[in-house]
Every structure is written in structure tokens, then in C-alpha cells.
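Biologist: Please take me through the structure below by question and answer.

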Amino acid sequence: MLVALPLSEKAYSFAGAKPIGLQCEHLSNPIGIDARQPRLSWKLMDDRQGARQTAYKLIIGTDSVAVTKKKGNAWDSGKLLSSNSLVTYNGKPLSPFTKYYWLVEVWDKDGKPAINAEVSSFETGMMEMSNWKGSWISDSQDINTKPAPYFRKVFSAEKKIKSARAYIACGGLYELYLNGRKVGNHRLDPMYTRFDRRTLYVSYDVTGQLQNGKNAMGVLLGNGWYNHQSTAVWDFHKAPWRNRPVFCLDLRITYTDGSVETVTSGREWKTALSPIIFNSIYTAEHYDARLEQSGWNVVNFDDTKWRTSVPRTAPSDQIVAQVLHPIRNVETIPAKTVNKINDTAYVFDLGRNISGVSQIKVRGEAGTVIRLKHTERLYSNGRADMSNIDQHYRPVGDKDPFQTDIFILNGAGEESFMPHFNYKGFQYVEVTADKPIKLDQSSLTGYFMHSDVPVAGNIKSSNPTLDKIWHAANNSYLSNLFGYPTDCPQREKNGWTGDAHIAVETGLYNFDGITIYEKWLADHRDEQQPNGVLPSIIPTGGWGYEWGNGPDWTSTIAIIPWSIYQYYGDAGILTSNYKNIKRYVDHIQDIAPSGLTEWGLGDWVPVSTKPPVEFTSSVYYFVDATILAKIAVVLNKPEDAKKYLALAEKIRGAFNKKYLNSGTGIYGTGLQTELSMPLYWGLVPDSLKSKVAANLAKKVADSHNHIDVGLLGTKAILNALSENGYADLAYQVAVQETYPSWGWWIVNGATTLYENWRIDAKSDISLNHIMFGEIGGWFFKGIGGIKVDESKPGFKNVLLQPNFVSGLKHFEASHDGPYGKILSYWKREGNLVIYTVAIPANSTATLMPPLENGRKVYQQGKVISGKMELKAGKYEFEIK
């Protein structure tokens, strides 16, 4: 039986409700935003049973003291009887370069005022292109110049400084320095975009680095994706925007007397070549320490031999704020072991596969050439094996070895090198030198680099393999998050659309990644052709419109906005992309009037079987039309909703007519992917769901409880089983430790997800790929049972459908959603299952526990229905 035991309010240390976690544009205290009506959000801290917000009031102004006293000169919303905690600014027009302070008053479940929140802030940036004062400058227009350029300018700040902000836009990559110190801790700014259509700028608070009197600004430029000097199959070296890196900078100083001075980029800036003699975002970086110019970015440096800068045009006419979680060196990873091959060769093992860079500290003679080759595998002789990740590289000559940094020593004691404008995917670093050197385990350190998105989810269980699969999925997800989602961090670094929509729920359950996805959807809008076609990789220099795209891949344009809306309850991304989704679906309708389409790539890298491309692409065509109809409802477009719902039904009818045998309940030839995709995506008639699910379960059992699917099938199969009465089987499939399975990778030493089920595959065998990553999200859904409620998105109402699967002693899933932490935890004690639930304040939950085998639900000794509506709070259940 199932007994609900609500924990009493006395069990809590309640001190009063309080709004916390105030954010603007899904960031804490951001600066440099361009949004004219920014989104403001908060959470309610209130651990009482049934805690909720009954009303709120927003107060926003430019005077922090006045706002603290609940007076705002920009917007006072007045008291609004609403539980909303995501609100769009609706006050006076915002001014550029202005810091706004805001607080929210909240009334709790009893209508009483909550404890005041701390005052938060946001700061506007340029807002208008016309507000830029600086000129775009570079050192040339020669795309073939290899060394990275330095730039510097000395200026004076003679009055007392109140605040200072630096705004820098760039075609390429940059590092900004002020008085010898790097500004900020970001890496690889700005994020990669279609440079000739949209260029990003970044804002910094540099008040603390500015000094009265003379100051020196320095800028170091890197190629990034803007000037791709390496050659590979995707032809980024032929990108239409390609040029020598260029930047524009405004340093805006506000003095205590109220005056403002702007120091800008212009032709008076001095420039010279740096010791970075080559840099490629795709391959590596080469650094000659003999060319260092000590103090190049401080005031007293002698730059008389430097040249003046060259004015250039802006890369695009759309320079917009970069408002997202930046890339950082997030985790430091010391070398786990070092193997000395001889006096000139050492192999370091980090003990795990990462994206990022290595840093070496070494002593040696001037002119000693050190090579750092980064790989995922070793040959049997212990040397670095690159054969699984360099097959798409098409080098011209031997001067640009793949994933191999080159460091030339200057001989001045201990020297250190870490790339500025590159990252790699690797576990091993083979260090070789042309002269003997002495290294030990502490000589090399790895840095795990990725977009520094906050952690939002956690999984713990009694099965170590399950936990390792979850960690591996997260490691691969983060390894492929660099301002846009990629497929792998070594061989490609491409924004493959299919990989991204398959793994989106793994990302959304585990990390707060909305800012990255919003930026990437803007990349979609930049890349979409007038007829609606999208490329298979985004951004792109032109490759991908002719291969790999189609509904099975580029459904990102519909699936990801809808997923973001479901997980955040923020309809902004739906509004921004609605026309693009329509254009895309309309195009498919134009080329596939029957309702079936052969446009696509198919179930990529399957174990052994693959359905027809028409099968899988038509499923995603149905998904896109269905999502579009739902979005039309949300955005109050009833005619569109009717139109696209009818289209979805047309596709469903055509699909089932061709592929469904209603007598046997088998789709196609009965492959795992053919049975699981229609189940998961909703094409199966209600009357046949149990029959199709039974056929799927039998097919899996015939494979000895192993998967036989590819990329598209992995999204569907575990969900199709667990949602249709076969959760135990889904769990067995998920944690298998023999081939083919995720666990097979784990027992063979994987710390990330692979590209191929076969670990001895001769191709498609990157060891850090996210494309099979749906399993990291399925753990939350299929075992923990934490699911979104489409009717109340953003976890305003949480659907709880846990599965107490056989073979697990305990399982815990938690997710920090827009309202706070959701907990679903169960453990076995003999024949008893104890289930603990936590629902955050201002939200609710619908609990639907498994009731097979005659189970009944009891609450306080009384039998109730199997479906329970729960208010916010903590609950404990017993299942006997």
C-alpha cells in the first residue's frame, strides 16, 4: 500500500517567506544588456506546506537607496494578485549605459508580506548601434598573416573615477587587458556567430582596474572561426566573412562630478605582432616565447617601433550584446600519471576525457621546441594515438599538426604556456621536445573549459554504472557547450543540429542553459534561407545546406524552443522563433504534399539496423507540425493552431497508412527504432499503444535486453518503454554492461559518451560525443519520474511518475527549476519502498505512482485514488 505522510510545518525552521534568486534575462546582476523590455524573475523561499505567492509588486529605479525604500523612478508595477514570478519589464523606456536597481515585494499564501528581497540590479549596454563611438581597427586585411596581433593605447583619467565600463566587439577572438592585467575570466570571447550577419559585444566592469592618471589598454586578437586558417572538410577557410581579426572598443568612464569620458579604438592605437605565431580554433596554438615583449600592455612600455592601426569596416551591421553564461576554465584537472618514454618524450594522463586546454611548466634551453599532442587514446606502446579524431582534417603541409600546441622556449628559467585562442578534446598529452627536458607529474595541468552554465540537476543511485553513465553524459554535454552546442570538442567542434535536439533534455534537466540556447536559436534565424531551409550545422560558413539537413536533424528550430518553454515557462523564445518555425514547416509541406518526406539523414550510427529515411524524417515532420500547432495556441493564434493541427493529423494518417500494420501492431519491419519512435512521439493510435509497446518489449527481449538503434532511436526507446509499462526493461537496457550499451563504454573505461557503440570501430569513433546523450535526461524522467506539465510549463505543476524499478536499492533525482528544487527520492528497506518528494514554493505537483500488481494508495489510513494533487512542501510515502 501507499501511505502519504505530509511533514508538519513544525518540522521546518520557518522564518518567513522571502523572494530569492532575482535574475534579469536569466542572469544574476547582468551588465551590458540591450533588451528594451528585459525579463525579471525570482523564486520564493518558503518551506511551509502549501507555500505560494498570492501577489507581487516590482519596484525599479536608478537610485538604489530609493528602491530600498520601495520607490522607483522607472517602474512601480503596483500590487498585482498573481503567482507569476517571471515578468516582462513594462515601465519607462530604459536608457543606455544605465544601472537599474530592482526589488520585488511578495505576499505569501496567507496574504501576508514576505521578508524583503535583497535589491538586485541590471545594467543596460549600447542598446543602439549609434551609441558606439569607437572605430573598427585591425593591423591589416591579410588573412594569411599567421602571428596574432597586439594593440595598445595609453590614456589619462585625471578626475576622480566613479565607475568604468569596457565594451568590446570583435570579429574573431580577443583578450582585453588594462594596466597589465587581463579583464575578466572569460575564455574565447566573443561567442561564435555568423559574423557577417550578427557580431557580439561583451561588457565589463573595469572600475577596479582603472587608476587615476595614466592607464594602458591592451588587446590581443585571435582568429577563432572568423579567420579559419586550418583546412577541413567543412570549408570554414572559405567562409564569406573571412578576414584578419578586427575589433571595436569603447571604454566609458563616469567621474564623480557626473561627467563622462569615452576612450575609444581608433587609428592612433599602436600594433605589433605577438609571440602567438599561429592560432587556430580547430587545431592548436603555436607560441614562440623568444618573441615576448614584456610589459606590452602597461603604461611605460616603449612602443615607438610599433605601427599604427588600420581602420576597417565592421564585420556586420548588427552588433548586439552577448548576454549568456561565458566560457571559462571551469575545472582544474592535475595529471593523474606521467609516463617518461625517454629524455625528450613524456605522456601525461588526466584520468578523464575533457574539452579544454593543457598548461605546461618547463625549463630548457632557448629555442627548444616543445610539442604537446592532445589525444583521446594511446597506442599499445604508450604513445599518443590520434587516428580516431583527425580523419576530417585536410592539412596543407605539415606546419599545422592537429591538436598539437607548439611552444618554443626563451630559456629564461621556468616557463609556462597555455593556449589563448584554442580548445581541444583529450585525455592524454604527449609532450615531445627536440632537446632533453625534465618533466614530472606536476609539470602539466588540464583545464576543463566550457560554457559555465549553473548546475541544475543531480542523480544518485545504488548502481555505480548508472551513476557513471549520468556523469559521462554530463561531461560530454559540457564538453560540447561553447556558446552553442557541438557534437565533439576535437574532430569537428560543429553545431550539429541533430545531436543538439536529441540531448536537449539532458542539458535542461542538469544545467541552466537557457542563455546558450537562446543565442543558438538566433544563429538559426541568421542561417535560415528565405524558403525555410536550415543547414545541418549551425553556425556555418556555407556547408550543410546540401547534406545532413532535413526534419530529423534541423527540427531544432521547433524542438528546442518548445523544450525551453516547457522547462522555463518563458514564452519569449516561442515568439522570437515562431515565424522561422512556420517557414520551416511550410517548406516541408511544399516539398512533401503527401505528408511523408524522404528529406533527411536517418538513424545515424545504428547498432545494426536502420529504418528507411522516410520513416524517421516523417516522424519529425509530424513532431514539428504538432509543436507548431501547440505554439500557436500559446501565442493565441487560433487559425494557425487549427491549420497545423490538421497538418499533423494528415501526416499521422499518411504515416500510419504506409507503415502501421494495425492487425499485428507492428510498424515497418518491426525494428526497435520503428516501434519506439511512433510510441514516443505520439503517432500510435490509442487503441494500439499497448500492442505496439508489447511488440517493442519483445523485440528488445529478443536482443537480450540490448538496444539496436541509432541516434534517433536512442531519443525514443527508453522513454517509449518506461512510459508504456516496461520501466523495468528500460532500466535493464539503460544499465547493460555488455555490447551494445552505454554501460559497455563505462566498463571499458569511458568517462564521456562515445560516437559509436563499437569501441573498436574503424570510423565514427570519437570518444567524446553528445549524440547518444538522451539517457542523461531519461534518468530524471524514466526512474525519478520528474516531468514537465505542458499545461503548466516551467514546472509550475510538476508531474511525478516515478518507477521503482527492480534491481535498484535507491534512486534520487533532483532538479532546480524556475521555482526551486524538485526532489524525487526512493529507497528500499526489505519489502518496503519509502518515497520522498519535495515540491518548491509557488508550485504544485501531480503524483501518479505505479500501481501495478494490486498496489493501492493510502493517505492517513484511507484509500485514495492513484492520482494525487500535491501542494508545495515535503512528503513521504510508504509503498508496501
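Biologist: How do the residues that line the largest cavity divide into nonpolar, polar and charged?

Modeller: This is a predicted model, in which local features need pLDDT of at least 70, side-chain atom pairs count only at pLDDT 80 or more, and totals for chains, interfaces and linings use all residues. Residues are numbered from 1 along each chain as its sequence is written, and side-chain values use heavy atoms, without hydrogens or water. On a 1 Å grid over the protein atoms alone, a cavity is a set of points where a 1.4 Å probe fits but cannot get out, a pocket is an open set with protein on both sides within 12 Å along at least five of seven lines, and lining residues have an atom within 4 Å of a point. With Ala, Val, Leu, Ile, Met, Phe, Trp, Tyr, Cys and Pro as nonpolar, Asp, Glu, Lys and Arg as charged, and the others, Gly among them, as polar, the lining of the largest cavity comprises 13 nonpolar, three polar and no charged residues.

Biologist: How much space lies in the largest cavity?

Modeller: There are three cavities of 30 Å³ or more. The largest is lined by 16 residues, with L173, L188, Y192, W225 and I281 nearest its centre. Taking volume as the space filled by probe spheres set on the points, which are joined across faces, edges and corners, its space is about 110 Å³.

Biologist: Which residues that line the largest pocket are closest to its centre?

Modeller: The largest pocket has a volume of about 950 Å³. Of its 28 lining residues, the closest to the centre are K630, Y680, W681, E723 and E790.

Biologist: What is the make-up of that lining by class?

Modeller: Helix 4 (504-510), helix 7 (556-568), helix 9 (613-634), helix 11 (672-681) and strand 38 (786-788) each contribute at least two lining residues to the largest pocket; helices (H or I, at least four residues) and strands (E, at least two) are DSSP runs numbered from the N terminus. By class, the lining holds 13 nonpolar, five polar and ten charged residues.

Biologist: Is helix 7 roughly parallel or antiparallel to helix 8?

Modeller: The axes (lines fitted to C-alpha atoms over the stretch in contact, with angles from 0 to 180 degrees between N-to-C directions) of helix 7 and helix 8 (residues 572-591) come within 9 Å and cross at roughly 155 degrees. Because an angle over 145 degrees counts as such, helix 7 and helix 8 are roughly antiparallel.

Biologist: What classes of residue make up the contact of helix 7 with helix 8?

Modeller: Contact means heavy atoms within 4.5 Å. I557, A558, P561, W562, I564 and Y565 of helix 7 meet I573, L574, N577, N580, I581 and Y584 of helix 8. These residues divide into ten nonpolar, two polar and no charged.

Biologist: What classes are found where helix 8 meets helix 10?

Modeller: Helix 8 and helix 10 (residues 638-659) have axes that come within 12 Å and cross at roughly 35 degrees. Y578, K582, V585, D586 and Q589 in helix 8 meet D640, K643, Y644 and L647 in helix 10. By class, this contact has four nonpolar, one polar and four charged residues.

Biologist: Where does P539 lie?

Modeller: Most peptide bonds are trans. The bond joining I538 and P539, however, is cis, with omega about -5 degrees. P539 lies in the loop between helix 5 (514-527) and helix 6 (551-554).

Biologist: Where is the place of P190?

Modeller: The peptide bond from D189 to P190 is cis, with omega near -10 degrees. P190 is placed in the loop between strand 14 (181-182) and strand 15 (199-205).

Technical notes. Parallel < 35°, antiparallel > 145°, perpendicular 65-115°, else oblique.
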